[in-house]
Amino acid sequence: SSPWIIFPKREVQHDEAEVEAYSQDPNGSGPMKLVKHIPSEVMEFERFGDYYYQPDNGLPEDRRMQFTTLDLRLVPEESTRVAAIRAGEADIAPASLSAKKQIEAGGGRLVFGREGIYFRIMLLGCWHDLDFPCKDKRVRHALDYAIDKELIRDTLFGGPEVMEVKGWASTTPSTIGYSTELDPWPFDPAKARALMTAAGYKNPDNPDGKDFGPLIINTWPSSSMPFLPESAQLAGEMWKRELGLDTEVRVGDESALKKSTLAQTLNGQILWRDNEARVDAGGGRSSYGTPDHKARLHNDAEFFDTVQAAIAVTDPSKRQAVLNELYLAQRDLSMELGVGYINIPWAVGPRVTSWEPFPLAFFPSAPHTIVLK
């Protein structure tokens, strides 16, 4: 179970019978009550008028629902979801930008959940005592400068409405520790080639340098981020064109690639993946602050201490500055490359007059802001 959810007290924590009984008749402290559940089909809810998040309890706003019932239905096919929005059978549904004209033709529109998910581009195991080219920071910087992030944005996502070239890794504008200094480096192929030359590697400006070898980029088809493999393919083509690298994009299974990352069988390669954005990214606790973590991104004892000291600061008045300094140091280390994040599009029917989803949520958030006609 998730650690942030409050459950009823039990005498035995891991009693399978009690767990099963709870799943058949769940309860909690949320804004709505579950009244019907048909697995893999529908969950029906009713408004909970005594929901705690309201001014009567000293809180700054009323987050009780402005409607009385809610049905959540599982509809895997986008075409069916769009048809339901157009027919007035659904009010909010996941959609892609390609469905925008259909949705608008039916009187609906797209609403974007900002900073829903980000590109996490990890250079795996570069710190090992092996002759990986990515062990040289100049190489890692060169790879970053050789990505035309805006071209990826405009070619695949149609512009900044969906993809924004801002932030670095898990640090987006709504994240504690963000500053504009963390935004992606510009596309600068000349600088990228100069860095590769300085590192001694062959490139169009340095044909006599040492051979880089194949650069393998691992990715997967994402249910949360559209065009994830296509964006990896574009980056691979840029590295091939601008740096003369022999790139190969391998599209695999998400679960298998995550296991391979932990097993350290992808060291010296790139993992081009998606990940959930967050308000508090925790200073990269696992990847940068845990010396025995199997998927750690460095092996510098002093930097482990730096990360641990930063994430130990809990004073809200100090945390922004401390984490910002830490993220700037991690960005300079460049074991992750900064490309940007995705604003998640939602199809909204004409019955919804307004809705303001929270940033940093890849699910339909802030239901208390939904106003119906």
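This is a predicted model: local features need pLDDT of at least 70, side-chain atom pairs count only at pLDDT 80 or more; totals for chains, interfaces and linings use all residues.

User: What is the volume of the largest cavity?
Analyst: Volume is the space filled by probe spheres set on grid points, which are joined across faces, edges and corners. For the largest cavity, that comes to about 50 Å³.

User: How many charged residues line the largest cavity?
Analyst: Lining residues have an atom within 4 Å of a point. Here they include Trp 127, His 128, Gln 264, Lys 294 and Arg 296. Asp, Glu, Lys and Arg count as charged; Ala, Val, Leu, Ile, Met, Phe, Trp, Tyr, Cys and Pro as nonpolar; the others, Gly among them, as polar. The lining has 4 nonpolar and 5 polar residues, and the charged ones number 2.

User: Gln 264 has a positive phi; where is this residue found?
Analyst: Most residues other than glycine have a negative phi. Gln 264 is not a glycine, yet its phi is about 60 degrees. Helices (H or I, at least four residues) and strands (E, at least two) are DSSP runs, numbered from the N terminus. Gln 264 sits in the loop between H8 and S9.

User: Is Ala 169 buried or exposed?
Analyst: Ala 169 also has a positive phi, about 50 degrees. Its place is the loop between strand S6 and helix H6. Buried means under 20% relative accessible area, exposed over 50%, and partly exposed in between (1.4 Å probe, protein chains only). Ala 169 has 7%, so the word is buried.

User: Which element gives the most residues to the lining of the second largest pocket?
Analyst: A pocket is an open set of grid points with protein on both sides within 12 Å along at least five of seven lines. This one holds about 400 Å³ and is lined by 26 residues, with Arg 120, Asn 275, Arg 278, Ser 286 and Ser 287 nearest its centre. Elements giving two or more residues include strand S5 and helix H11. The top contributor, with 4 residues, is H9.

User: Which residue forms a salt bridge with Lys 149?
Analyst: A salt bridge puts a side-chain nitrogen of Lys or Arg within 4 Å of a carboxyl oxygen of Asp or Glu. The whole structure has 18. Lys 149 is buried, at 3% relative accessibility. At 2.8 Å between the closest N and O atoms, its partner is Asp 144.

User: Arg 153 and Asp 154 meet in a salt bridge; which of them counts as partly exposed?
Analyst: Their N to O distance is 2.7 Å. Arg 153 has 15% relative accessibility, so this residue is buried. At 40%, the partly exposed one is Asp 154.

User: What is the N to O distance between Glu 248 and Arg 250?
Analyst: Glu 248 is partly exposed, at 38%. Arg 250 is partly exposed too, at 37%. Their side chains meet in a salt bridge, and the distance is 3.0 Å.

Terms used. Residues are numbered from 1 along each chain as its sequence is written. Side-chain values use heavy atoms; hydrogens and water are left out. On a 1 Å grid over the protein atoms alone, a cavity is a set of points where a 1.4 Å probe fits but cannot get out, and a pocket is an open set with protein on both sides within 12 Å along at least five of seven lines; lining residues have an atom within 4 Å of a point.
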